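Please read them with the structure open.

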Amino acid sequence: MNEVQDLIKDVRYALRILARKPMFTAVAVITLALGIGATTAIFSVVYGVLLRPLDYPEPERLVALRESNPLKQPDAQIAPGNFVEWQRQNTVFSDLAAYRNISYNLSGDGDPERLLAGRVSAGLFKMFGVQPLLGRDFFAEEDQSGREKVVIISEGLWQRRFGSDPNIIGRSLKLSGEDFTIVGVVSSAFRLPDQRKRELWTPIAFTETETTLHHARYIEAIARLKPGISLAQTQAEMTAIAGRLAQANPATNEGWTVKVTQVLDFTVGDARKILWILFAAVGIVLLIACSNVSSLLLARAATRQREIAIRVAIGAGRVRIARQLATESLLLALLGALAAWPIAVWGLQALLAIAPTDLPRLAEVTIDKRALLFTFSVTLLTALIVGLVPMLQLVKTDANEALKCGSDRASGKQRAGNLLIAAEVALALVLLVGGTLLLRSIWNAYQVDPGFDEHNALAVTLQVSEKKYADKEQLARLSQQLVQDVSTLPGVRATGLARILPIVHDLSIGYYVEGQPRESDQNLPVTNYSAVSPDYFNAM
């Protein structure tokens, strides 16, 4: 009981001390609030993107698979023929599913729409623990070529296009000129690890040719490990399978292996390094803020030396003095934390507004109870950092010397102040150098010549029906008509067509030089290419 009463007295006394110097208190609180608020905002992003478990059942057992050839493509998609062999030979996966991105033209009732879709293995939704809101999942037999004209739509498309019609199951949907039957509706919240928003899902249904295709790599694969199977065991087995495939198909698989990655690592990709660097930088800002406030407290300690000496002289113990000073530091940090909370909320909103659109898992970033716990922990640490040096200086005060000399002798505090200033300068220098290098990198990136004039250059991506324009002459006439019609629009100076836009994407093609020894078609050197129309370079 006495301890509680003493604590209440310490808090009241600390409040009186802070109230006597409102300007000092305001500066200290604002300084701490900025540091704690910025750190909390960045922590919310780091937690939401990097640390929050993925919203799948047992996400730690989910892995992403990629193919890798250090000399050609260190990180590549997967050939369908290799995926089929993985399914047949592996002993470490309870489930193994493939998917690829595709776009469909949705026509029929209402305006036509271009929709991003996923072609997926029949067991993919089950592996991710997804139950359709309406209807059913794909049947295994529908994941076969010729029987794949079924579609599962997203909840968003169901609401937007069909008014949440409860009788949607069984209706026909025209996708890129072909009829598909709607068999299910899934939540729009479901995302594959690449986090792209898909409106439709159809079976991947490999053709007979694709099941033996080992050189064209264009699908992704996700697997769920069997209970008790480690990532190292999985990597070892998949490496062995890749070795057997290389022996069986040396022309297409020699030099290729398999990379097994936790799905969370696959999802966040390069964002992990960037966010940790940003978090470290903000942590340095918090340390500078603590050093500033500690310097203020140290300067104020010189004026309190006589007060502490009197308290010691009348019987106050060193522990009692230390507890009082610690209470003052903690109270100051708590006030800073209270002021930091709105700063953290506004800062997070600003960060989300300017964040790159391709930063994964942005929708999961929020300030929640974990951010509150983090802020509380940071506050306690801040109180310790802020009050430690001044508290040590005041607790070591010689009462007799202080009463004789007043507050004239402050050499110890001067030395401590110098150390704090040196620490501030060092930390600030680290931030200055890092920030300068970052700005220089951004500036250099903007100065890179892309090889074309980007000013007033507009691009429209079109994808025509392969069934409707299977004949090359039909496609050529469509291309010519497009160029002709767009060229007549007011303000258009030049129009070109390209199969692939520069920078946006790459297409690879093997080549050989006439007159030189030619290797097999599968071992040709590879380069990027794009097919273009005659006026393309003029337009660029």
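1. A residue counts as buried when its relative accessible area is under 20%, and as exposed when that area is over 50%. Partly exposed covers the range in between. By this cut-off Arg161 is buried, because its relative accessible area is 18%. Keep in mind that this is a predicted model.

2. Arg161 has a charged partner. Its side chain meets that of Glu113 in a salt bridge, at 2.8 Å from N to O. Arg161 belongs to helix H5 and Glu113 to strand E4, so the pair ties together parts that are 48 residues apart in sequence. Glu113 itself has a relative accessibility of 24%, so this residue counts as partly exposed.

3. Glu113 also pairs with Arg160. The closest N and O atoms of this salt bridge are 2.9 Å apart. Arg160 counts as partly exposed, because its relative accessibility is 44%.

4. Arg160 leads on to Glu199. A polar contact of 3.4 Å joins their side chains. Glu199 has another such contact, with the side chain of Ser154, at 2.8 Å. Where does Glu199 lie? Its place is in the loop between strand E8 (178-186) and strand E9 (200-203).

5. Is Glu199 buried or exposed? It counts as buried, because its relative accessibility is 11%, and the cut-off for buried is under 20%. Leaving aside neighbours within four places in sequence, Glu199 is in contact with several residues, among them Leu115, Leu116, Ile152 and Ile153. Gly156 and Leu157 are also on that list, as are Ser154 and Arg160.

6. A further pair deserves a look. Glu364 forms a salt bridge with Arg361, and the closest N and O atoms are 2.7 Å apart. Arg361 is buried, because its relative accessible area is 2%. Glu364 is partly exposed, because its relative accessible area is 22%.

7. Side chains of opposite charge can pair when their charged atoms come close.

Methods
Residues are numbered from 1 along each chain as its sequence is written. This is a predicted model: local features need pLDDT of at least 70, side-chain atom pairs count only at pLDDT 80 or more; totals for chains, interfaces and linings use all residues. Side-chain values use heavy atoms; hydrogens and water are left out. Helices (H or I, at least four residues) and strands (E, at least two) are DSSP runs, numbered from the N terminus. Buried means under 20% relative accessible area, exposed over 50%, partly exposed in between (1.4 Å probe, protein chains only). A polar contact is a pair of N or O atoms within 3.5 Å; within protein, one must be able to donate a hydrogen and the other to accept it, and residues adjacent in sequence count only if both atoms are side-chain atoms. Contact means heavy atoms within 4.5 Å. A salt bridge is a side-chain nitrogen of Lys or Arg within 4 Å of a carboxyl oxygen of Asp or Glu.
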